[in-house]
Amino acid sequence: MSASKLKLLSFSGNSRILHMTWLAFFISFVVWFNHAPLLVFIRDSMGLTSQQVSTLLILNVALTIPARIVVGMLVDKFGPKVMYSLLLGISSLICFFFALAQSFEQMALARFMLGFVGAGFVIGIRMISEWFPAKQVGLAEGIYGGWGNFGSAAAAMVLPAIALLFGGDNGWRYALGLTGAIALVYSFIYYFSVSDTPKGSTYFKPKKTGAMEVTSKGDFVLYILMSIPLYAALALLAWKLSPEGVSLLSATATYGIYAGLAALFAWQLYHIIKVNKEVFHKPVPAIHRYKFKQVAILNLAYLATFGAELAVVSMLPLFFSDTFGISAVQAGILASAFAFMNLVSRPCGGHFSDRLGRKRTLTLSLAGAALGFFLMGLMDSSWPLVLAVLATMACSFFVQAGQGAVFAVVPLIQRRLTGQIAGMTGAYGNVGAVVFLTVLSFVSPQVFFWVICTMAAVTMAAVQLMDEPSGQMAEVLPDGTVQMIDVH
């Protein structure tokens, strides 16, 4: 089956699942980034300082780190249909809480909790991998991710106008509440419209739960090492909110969070050992092995691409408004150009991966992203506005093609672990966002863009160590027989 046979205009079979699922992701992204284009209204209405605004931006991407790990495990166990419906329903309630917030503290708590909705991405990755074969999966995952990610651009283009339509100091509250209502309604629509697998197919589940299965001693060590940045990013966030940063948390609360993160890491370490202790006693049969270095490299690539996008989408409306002296509505529309490219660029990354090779496509995407961010670092008020928008769109094309290329590989590593691999890789995107947004709070936007440029270049070098997926992967059916799944 060739990639060209994906019937996008159809609304039956796997095409229907693709359309229902990217729309679920689209709505989750609208809810996740509904505050960014309204920040000017929120800042003026609530009398927020610039430090409080940057705190809201960082808080928005924090909880997504553990949420993507946990949701990745839950989706492998319970299936994407139940998990996506639950995620949208719960997120709608948190969205209403944010819309009704009366103080900065309430807004901060609601924004932190709304990071949970960002885990929706992981659910759809598993759903799409169940419905599409290897020769189409890159393009299908690219369409799912790209069209869903467009939710942040849609929010940037539409929500400021809706806020003005309602008018008054509370216009932004109505705009936010509307996005929550849409999510709540769609959670029911999704549940009654999809199934986890095509009829007659097996939904493979991990043999053990609590941690990802690895298949060698070296991979066991690498898995532990790659888990550390997930906690370090949350510790960095706690530090940013401590008296050393914006003083939202007391010193006692900050140390409490550090202790909690250390306890959580110890708990995960216990589960990693419990799930994988057998690799120290007997080798895993070659047919069931996979290389964890593939996961580690994809983690870094997603940190450099999606982490960059999350950070840039959050700060770009304000950057354009301050740099070029334009209104909040104009800045929101122009800044949405970065996310707008998702419609084309992420599917392109997936499609080229299916056609030209996974490794080559990822390498070219990262090279383009590095060059794009270097150019954005040169941007200032002397640039014509048209040129600034074009440079932004060119940069975002490569950034998002890289994201498509990453998730063209994720489903081809180990089918039963797809949710967990997608969860860890997705969480690294949020690690990138926390790190980059923290960097932004200390340096100028120009230096911020150059830091991302450097990260993209370093990751491009790391990708050269990745193996091109080939051959087949083995999964065991409930009756004990082995099923081989093509990965090329």
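Figure 1. Along the principal axes, the C-alpha atoms fill a box of roughly 65 × 55 × 45 Å. Of the 488 residues, 58% are buried, a word that stands for under 20% relative accessible area, while exposed stands for over 50% and partly exposed for what lies in between (1.4 Å probe, protein chains only). Among the contacts in the chain with a separation of 6 or more, 83% join residues 24 or more positions apart, a contact being heavy atoms within 4.5 Å.

**Figure 2. The largest nonpolar core, with a close-up of F373.** A nonpolar core is a set of buried Ala, Val, Leu, Ile, Met, Phe, Trp, Tyr and Cys residues joined through side-chain atoms within 4.5 Å. The largest such core holds 152 residues, of which L316 and F373 touch the most other members. Helix α13 (residues 292–324) gives this core its largest share, 20 residues. When neighbours within four places in sequence are left aside, the contacts of F373 are A308, V312, F338, C395, V399, F449, W450, I452 and C453.

**Figure 3. N299 in helix α13.** Which residues does N299 touch, not counting residues up to four places away in sequence? They are M226, M424, T425 and Y428. N299 has its place in helix α13 and is buried, because its relative accessible area is 0%. L59 is 240 residues apart from N299 along the chain, and the C-alpha atoms of the two are separated by 21 Å.

**Figure 4. L74 in helix α4.** L74 is found in helix α4 (residues 64–78), and it counts as partly exposed because its relative accessible area is 31%. Not counting residues up to four places away in sequence, L74 touches G79 and M83. Although L74 and T209 are 135 residues apart along the chain, their C-alpha atoms are separated by 9.0 Å.

**Figure 5. G177 in helix α10.** Helix α10 (residues 171–191) contains G177, which counts as buried because its relative accessibility is 17%. Leaving aside neighbours within four places in sequence, G177 is in contact with F96 and A99. From C-alpha to C-alpha, G177 and L165 are 14 Å apart in space, and in sequence they are twelve residues apart.

**Figure 6. D380 in a loop.** D380 has its place in the loop between α16 (358–376) and α17 (385–406). It is partly exposed, because its relative accessible area is 33%. Its contacts, leaving aside neighbours within four places in sequence, are T323 and F324. F292 is 88 residues apart from D380 along the chain, and their C-alpha atoms are separated by 42 Å.

**Notes to the figures.** Residues are numbered from 1 along each chain as its sequence is written, and side-chain values use heavy atoms, with hydrogens and water left out. In this predicted model, local features need pLDDT of at least 70 and side-chain atom pairs count only at pLDDT 80 or more, while totals for chains, interfaces and linings use all residues.

Terms used: Helices (H or I, at least four residues) and strands (E, at least two) are DSSP runs, numbered from the N terminus.
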